[in-house]
Each structure stands twice: as C-alpha cells, then as structure tokens.
Amino acid sequence: GHGCGRAVSDGWTASPAEDGAAHMIYAPYETNVPIGNRCVTFRMKVDNNALDNLKVATIDVNNAATGTILATMDINRQQFMESNQYQDLKLLFNQTTINPRLEYRVYFHDAATITVDNITLN
C-alpha cells in the first residue's frame, strides 16, 4: 500500500513538492516468516545527501495483527553516501510469533525526495 508518492521508472518516489508526510510504502502482511533473527533490506535513494542532516524517512517492521513495531530506524539525509544512488539500508529484527502478518514500512518525513526500489526479507 501507499499513503503518498507515485510510481517512477525505477521504484516508488515521494517528494516535498508533491507529497505530505505519510507512509509511502506499507505491506505485504506476510504470514510465513520463520521464527528467529531476520534482516529486511530497504533499497533507497535520496535526491540530495548534502543539503542538511534532517530525518528524511523512517523504516520499520510492524506486526499488523498486533500493532507491535518489531524494529525501527530513522534515516537522515547524510546517511546516504551519494545523491541519487541506491543504497541498501538493513533493519534487523527478531520474529517471535506464528503467522505474524508482518509489514515493512517506509515513512516519508516530507524533507527530501526519497525513492524506494525494493524491500527484501533475508
């Protein structure tokens, strides 16, 4: 699902000029995640990594069945090594329940143009 943004040729993007703060990506409500330590990789880029060091996104893993956030990380502009280049951001979490309805979310803070290419569970 998407609370803001739009499809572009290389992913899903949200920008301050066109969007307000909201979850730009949430889903897939995955129920078949084995119990144990897991890693979700969010492949993202920012339009300008040098302007300031504001918080531009928050990534998280949420159990949609219970509303429990299993892991979260704020992403600041200068965490990106380069402008307009995809970077893998990893979020570790411990999956402890059976049939959890997990969703992997990207919250857009309306401070920079963010594009998400993909989200992968390892």
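Author: The answers that follow concern a predicted model, and each sets a value against its definition.

Reader: Why is Leu 102 called buried?

Author: Buried means under 20% relative accessible area. Leu 102 has a relative accessible area of 0%, and it is therefore buried. Leu 102 belongs to strand S9. Apart from neighbours within four places in sequence, Leu 102 is in contact with residues including Ala 27, Pro 28, Val 61, Leu 70 and Phe 93. Its C-alpha is 7.9 Å from that of Ala 65, although 37 residues separate Leu 102 and Ala 65 in sequence.

Reader: What makes strand S9 largely enclosed by the rest of the structure?

Author: Strand S9 covers residues 102-108, and six of its seven residues are buried, so the rest of the structure largely encloses it.

Reader: How do you know that strands S6 and S9 pair, and in which sense do they run?

Author: Two strands pair if at least two bridges are found between them. Strand S6 (residues 55-63) is joined to S9 by seven bridges, and the two run antiparallel. One of the bridge pairs is Ala 57 with Phe 108 in S9.

Reader: Which backbone angle sets Tyr 29 apart, and is Tyr 29 buried, exposed or partly exposed?

Author: Most residues other than glycine have a negative phi. Tyr 29 is not a glycine, and its phi is positive, about 60°. Tyr 29 is in strand S4. Its relative accessibility is 32%, which lies between the 20% and 50% cut-offs, so Tyr 29 counts as partly exposed.

Reader: Why is Asn 99 called exposed?

Author: Exposed means over 50% relative accessible area. At 54%, Asn 99 therefore counts as exposed. Asn 99 is in the loop between S8 and S9. Asn 99 also has a positive phi, about 50°, without being a glycine.

Reader: What makes a group of residues a nonpolar core, and how many residues does the largest one have?

Author: Such a core is a set of buried residues of listed types, joined through side-chain atoms within 4.5 Å. The largest one has 28 residues, and those with the most contacts inside it are Met 24, Phe 42, Met 44, Ile 59, Val 106 and Ile 114. Among the elements that give two or more residues to this core are S3, strand S5 (36-46), S6, S9 and strand S10 (114-121). Beyond four places in sequence, Ile 114 touches residues including Trp 12, Met 24, Met 44, Lys 45 and Phe 108.

Reader: How do you know that Lys 45 is buried, and which side chain makes a polar contact with it?

Author: Lys 45 has a relative accessible area of 14%, under the 20% cut-off, and is therefore buried. Lys 45 is in strand S5. Its side chain makes a polar contact of 2.8 Å with the side chain of Asp 10, and this distance is within the 3.5 Å limit.

Reader: Why is Thr 41 called buried, and which side chain does its own side chain join?

Author: At 7% relative accessibility, Thr 41 falls under 20% and so counts as buried. Thr 41 is also in strand S5. Its side chain and that of Lys 90 are joined by a polar contact of 3.2 Å.

Reader: Why are S1 and S8 called edge strands?

Author: The open sheet of five strands has the order S1-S2-S10-S5-S8, with antiparallel pairing. Strand S1 (6-8) and S8 each have a single partner strand, so one side of each is without a neighbour in the sheet. The twist averages 35° from one strand to the next.

Reader: How many disulfides does the structure hold?

Author: The structure holds zero disulfides. A disulfide would need a pair of cysteine sulfur atoms within 2.5 Å. Cys 4, at 8% relative accessibility, counts as buried because buried means under 20%. Cys 39 has a relative accessible area of 14% and is therefore buried.

Note on methods: Residues are numbered from 1 along each chain as its sequence is written. This is a predicted model: local features need pLDDT of at least 70, side-chain atom pairs count only at pLDDT 80 or more; totals for chains, interfaces and linings use all residues. Side-chain values use heavy atoms; hydrogens and water are left out. Buried means under 20% relative accessible area, exposed over 50%, partly exposed in between (1.4 Å probe, protein chains only). Helices (H or I, at least four residues) and strands (E, at least two) are DSSP runs, numbered from the N terminus. Contact means heavy atoms within 4.5 Å. A polar contact is a pair of N or O atoms within 3.5 Å; within protein, one must be able to donate a hydrogen and the other to accept it, and residues adjacent in sequence count only if both atoms are side-chain atoms. Axes are lines fitted to C-alpha atoms, for helices over the stretch in contact, and angles run from 0 to 180 degrees between N-to-C directions.
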